[in-house]
Amino acid sequence: MFNVKIRQLSGNEDLPFLKQMSAGSSGFDLYAAVQESLIILPGKWKLIPTGVAIAMPQGLEAQVRPRSGLALKHGITVLNTPGTIDADYRGEIGVILLNLGEEAYTVERGHRIAQLVFQQVPPVQLEWTDELDQTLRGTGGFGHTGK
């Protein structure tokens, strides 16, 4: 178990504490900390504050991911999904919401806008080489297997 500290930033005491909506949920809901209603027009995006900051131990990352309900019902997603929060970042978590829907979407204070999922990051050491081992796939890239 990893301990992650969360800080509610001043002026956001009215917002709910991050929580998982069920015992089997992977993500913790993030809430909009906008001061007033914010409209995202179709094809546009906005940075939405959440009013929280976190401190994670080394070896963890937090990923900001879309909420499936917003995507299905309104075409709202997270632009840089998943957005990565590094273990050494201590600033406010922001969510870049993108409206892929056909109608304007209004973000209200306290709306659940995204989810935060924690993942372990293994230590990796890169090693330069002149050759890579061969595989059956080889250099086959995007769409190389057909339909």
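Which residues does Leu30 touch, not counting residues up to four places away in sequence? Hi everyone, let's start there. With contact meaning heavy atoms within 4.5 Å, Leu30 touches Leu18, Thr50, Val52, Val64, Ile93, Val95, His111, Arg112, Ile113, Ala114, Gln115 and Leu116.

A quick word on the model: it is predicted, so local features need pLDDT of at least 70 and side-chain atom pairs pLDDT 80 or more, while totals for chains, interfaces and linings use all residues. Residues are numbered from 1 along each chain as its sequence is written, and side-chain values use heavy atoms, leaving out hydrogens and water.

Now, the core. Leu30, Val64, Leu97, Val107 and Leu116 touch the most other members of the largest nonpolar core, which has 25 residues. Such a core is a set of buried Ala, Val, Leu, Ile, Met, Phe, Trp, Tyr and Cys residues joined through side-chain atoms within 4.5 Å; buried means under 20% relative accessible area, exposed over 50%, and partly exposed in between, with a 1.4 Å probe and protein chains only.

Five of the six residues in β6 are buried. β6 pairs antiparallel with β11 over six bridges, where pairing takes at least two DSSP bridges. Leu60 has Gln120 of β11 as its bridge partner. β6 also runs antiparallel to β8, residues 83-85, through three bridges, and Ala62 stands opposite Ile85 there.

Finally, Thr84, which sits in β8. Thr84 is partly exposed, at 45% relative accessibility, and it touches Glu61 and Ala62, again not counting residues up to four places away in sequence. Thanks, everyone!

Conventions
Helix = DSSP H or I, 4+ residues; strand = E, 2+ residues; numbered from the N terminus.
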